[in-house]
Each structure stands twice: as C-alpha cells, then as structure tokens.
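Hi,

Here is the structure I promised to pass on. My notes on what I found in it follow below.

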Amino acid sequence: MDRHSENENFEEIKAQLHKQGYHEKDVTITSGKAMISGAAYALPFVIAFGLLYRFLLIERAYLLEASGLSFYIIFIAIIAVSAVIHELLHGAGWAAASGKGWNVVRFNINAMMPSCACKVPLEKKAYLFGVLTPFAVLGAGSVCFLFLYPGTVSFLTMIVNVISAGADLLIACNVLKERDVLIADHPTEAGYIAFYR
C-alpha cells in the first residue's frame, strides 16, 4: 500500500471517530525530533549499562580486532538486523494486544528503513504494549546478551537496540499522560492521534 492510500485510510478512521463524537489531539513529531529526543530518553540506559560493562565485564569481554571498514560493516549489519526485528516486534505487540492478529499491522520501507504502523485505533494499554515491545524484548535481550557474552558485538548491539527504542520511550511517556482515549497510530509520522470524548 502506498503512502497516499495509507493517508486516505487514516483519514477515514478519523472521520468515523469524529462521527462517534470523538475529538482529536495530534501527538506526532518529526523524524528528526524523534531521533534526537528519543536518543535523550535512551541515553541514561546506555550510560548505565556502558558503565556496568566497563567496570564489571571488560575483563572477560571478547574484543574484536576489527577496525576501519570491517568495523563499519559489523556495525551496519547490527543496525540492519536490529531495525527489522524492532519493527517486527512492534507488529507482534499490536497484533497480540489488539486481539485481531497481523491484519491490523502495516509494514513499510521509508528511506531504506523498515517501519511499522497499527492500522486500527487501540485503547491506551494495547497501544502501549505494541510501542514498548521492542524495548522490552530487544533492549532487555541485548542487555542479557551483553552480560552473558560481553564483547564488542554485544556492546554495539546493546547500544543500537536501546537507542533505537528511544523514540518509543518518548511516545510511551506521552501516551501515559493520556486519559480515557483511543489511540490511532499515525501511518507515516512518529507518534499518534489521541481521540477523546
């Protein structure tokens, strides 16, 4: 489905909710702001786990002797694999929390990066579940991997997965401030539209 069709479907959902007496509040942010603000939300976790790694795990860490091009290839591979799994986990979270399975999930490729959006409005808890699934699974999994097998790859994997969940943490903090709302994930922007009566 192209971006135009996605926006049309989203506008139809909004129109239906307006007919049911809902008012909307736009809680979307630009991708640039999502990256910068999200990194700020994730940074305390990266610093905390980085310090634990440095002072508790470095003695038994497997440090790669990769440098230059080899290091960048490893780093890009970690980012690529993590990005795909991250978006699949968003989808799995919303598929499970909605009770409607994968039919409510849309995957896209934007600027050569995968993205995922939920196609139906959800209650606050269900939406939060999908938003935080990558942080809970990949973030926690990366930290466990770091402690079990400390080294260059596990450290980079932890950094990538925690920072990539930063925008999700930012969105989750906004969702937690909402009261009695239906939340429609925006199809193309970071964030959501809150519908309340």
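The structure, which is a predicted model, holds eight aromatic pairs. Here rings of Phe, Tyr and Trp (its six-membered ring) pair if their centres lie within 6.5 Å, and planes under 30 degrees apart count as stacked, over 60 as edge-to-face and the rest as tilted. W94 and Y127 are a stacked pair, because their ring centres are 5.6 Å apart and their planes stand at 25°. W94 belongs to helix α3 (residues 69-98) and Y127 to helix α4 (residues 124-148), so this pair ties together parts that are 33 residues apart in sequence. Both W94 and Y127 are buried (under 20% relative accessible area, with exposed over 50% and partly exposed in between, using a 1.4 Å probe and protein chains only).

Two other aromatic spots may interest you. F71, Y72 and F75 are linked into a cluster by ring pairs. R54 lies over the face of F55, 5.7 Å from the ring centre; for this, NZ of Lys or CZ of Arg must be within 6 Å of the ring centre and within 35 degrees of the ring normal.

A word on numbering and method: residues are numbered from 1 along each chain as its sequence is written. Since this is a predicted model, local features need pLDDT of at least 70 and side-chain atom pairs count only at pLDDT 80 or more, while totals for chains, interfaces and linings use all residues, and side-chain values use heavy atoms, with hydrogens and water left out.

Now to the helix packing. Helix α2 (residues 31-57) and helix α6 (residues 166-176) pack with their axes 7 Å apart, at an angle of about 95° (axes are lines fitted to C-alpha atoms, for helices over the stretch in contact, and angles run from 0 to 180 degrees between N-to-C directions). That makes α2 roughly perpendicular to α6, a label for angles of 65 to 115 degrees, with under 35 roughly parallel, over 145 roughly antiparallel and the rest oblique. On the α2 side, A34, S37, G38, Y41, A42 and F45 meet G166, A167, L169, L170 and C173 of α6, where contact means heavy atoms within 4.5 Å. Eight of the eleven residues of α6 are buried, among them D168 and V175.

Overall, the protein has six helices and six strands, which are DSSP runs (H or I, at least four residues, for helices; E, at least two, for strands) numbered from the N terminus. Of its 197 residues, 42% count as buried.

Best wishes
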